[in-house]
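Have the viewer open as you read.

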Amino acid sequence: MDRSSRSRSRRLAPAVAAAAALILAGCSSSSGGKKAEEGAANASAGKADTPRMTVALVTHQAPGDTFWDTVRKGAEAAAAKDNMKLVYASDPNAGNQANLVQNAIDQKVDGIAVTLAKPDAMKSVIGKARQSGIPVVGLNSGLSDWKKLDLLEFFGQDESVAGEAFGKKLNTTGAKKVVCVIQEQGNVGLTQRCDGVKKTFTGTTETLYVNGTDMPSVKATITAKLKQDTSIDTVVTLGAPFALTAVQSVADAGSKAQVATFDLNKELVKAVRNGTIEFAVDQQPYLQGYLAVDSLWLYKNNGNYSGGGEQPVLTGPAFVDKSNIDRIAAFAAKGTR
């Protein structure tokens, strides 16, 4: 993992500007012609003056998962800048998510940004979108599959790399036995995170499945595990709301286990600051939403696509702990980190 990106991840505005500049300077198609040139000329520094577009952002968000609020804020910021109408829809059930993508196709949107938590279920409908001439980009989940599904671009974190970095970080904390809590069985990205932890962590790693749509059940399941196995010294969660719930489970179980997590929100920032959460990995969800939506405008109006359809744009991972939490807290308070 490239640790030199850590400092850049601490300041949102420069990161967004730099990433947008990267896309503008990246590989572009040769089919834009005069129309693309006119579209680019109509984009002012503040807000685009191009014809209004409608784009759909379709995710696998589960009810109550505040991570996606940050993704959506980024997408909305890009849409406002680019003179776009943003249609947001989500469902954690893969079949239902595919139906939402079909709805977007039926509405003849100008572009679709989609997550691929369960890529096999999305393959057919993404093919239909492409056949209809609708450009599709991926974000957040599906780094291993976006090219197979013929998406133009992908914006997110390599979950295997993030998991491996997490495991190495645990080795520095003195942890000996961890339980990795997966809140959605079958989600490829979540599985890759725990597998990555297990690969590099020198202690013992167990996997615990919980129902992420039922937080009282999540709390009870983690509590029961900690009571059953008192040798667990660290609980690894894969989302900020689950980390905060795990803190309650630790207290209820009378355990001395630490809690560390993937992903960030403003409540978690407070927990890192006061020490109830040991550390977090930030994949910059605001940036994922922003870049995914902005990329559809760039493709429509200037024929640009980052990575030439071959390489993803990585938005993480970066560690957040007491050493850098103060720099991030102000952004998190606004709901953009």
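**A disulfide and its surroundings**

The link of Cys-180 and Cys-194 is left-handed, with -85 degrees about the S-S bond. Cys-180 lies in strand S6 (residues 177–182) and Cys-194 in helix H8 (residues 188–200), so the pair ties together parts that are 14 residues apart in sequence. Please keep in mind that this is a predicted model: local features need pLDDT of at least 70 and side-chain atom pairs count only at pLDDT 80 or more, while totals for chains, interfaces and linings use all residues. Residues are numbered from 1 along each chain as its sequence is written, and side-chain values use heavy atoms, with hydrogens and water left out.

**The chain as a whole**

- The chain holds 13 helices and twelve strands; helices (H or I, at least four residues) and strands (E, at least two) are DSSP runs, numbered from the N terminus.
- Of its 337 residues, 53% count as buried, where buried means under 20% relative accessible area, exposed over 50% and partly exposed in between (1.4 Å probe, protein chains only).
- Among contacts with a separation of 6 or more, 75% come from residues 24 or more positions apart; contact means heavy atoms within 4.5 Å.

**More on the disulfide**

- A search of the whole structure finds one disulfide, defined as a pair of cysteine sulfur atoms within 2.5 Å.
- The S to S distance between Cys-180 and Cys-194 is 2.0 Å.
- Cys-180 is buried at 0% relative accessibility, and Cys-194 is buried too, at 3%.

**The six-stranded sheet**

- S6 belongs to an open sheet of six strands with mixed pairing, in the order S7-S6-S8-S9-S10-S12; two strands pair if DSSP finds at least two bridges between them.
- Strand S7 (204–209) and strand S12 (318–320) stand at the edges with a single partner strand each, so one side of each is left without a neighbour in the sheet.
- From one strand to the next, the twist averages 25 degrees; axes are lines fitted to C-alpha atoms, for helices over the stretch in contact, and angles run from 0 to 180 degrees between N-to-C directions.
- S6 and S7 pair in the parallel sense over six bridges, and Val-178 has Thr-205 in S7 as its bridge partner.
- Helix H7 (residues 159–171) lies across S6, strand S8 (234–237), strand S9 (258–262), strand S10 (280–282) and S12, and runs at about 160 degrees to S9.

- Helix H4 (residues 67–81) has 15 residues and should span 21 Å at 1.5 Å a residue; its end C-alpha atoms are 22 Å apart, which agrees. The expected span is 1.5 Å times one less than the number of residues.
- Buried residues in H4 include Phe-67, Trp-68, Val-71 and Ala-75.
- The buried residues of H4 pack against strand S1 (53–59), strand S2 (84–90), strand S4 (136–140) and helix H12 (285–302).
- Just after H4, Asn-83 takes a positive phi of about 60 degrees.
- Six of the seven residues of S1 are buried, so S1 is largely enclosed by the rest of the structure.
- S1 and S2 run parallel and are joined by seven bridges, with Leu-57 opposite Tyr-88 in S2.

**Thr-336**

- Thr-336 sits in the segment after helix H13 (325–333) and is buried, with a relative accessible area of 11%.
- A polar atom of the Thr-336 side chain lies 3.1 Å from the backbone oxygen of Phe-331.

Methods: Polar contact = N/O pair within 3.5 Å; in protein donor to acceptor, adjacent residues only side chain to side chain.
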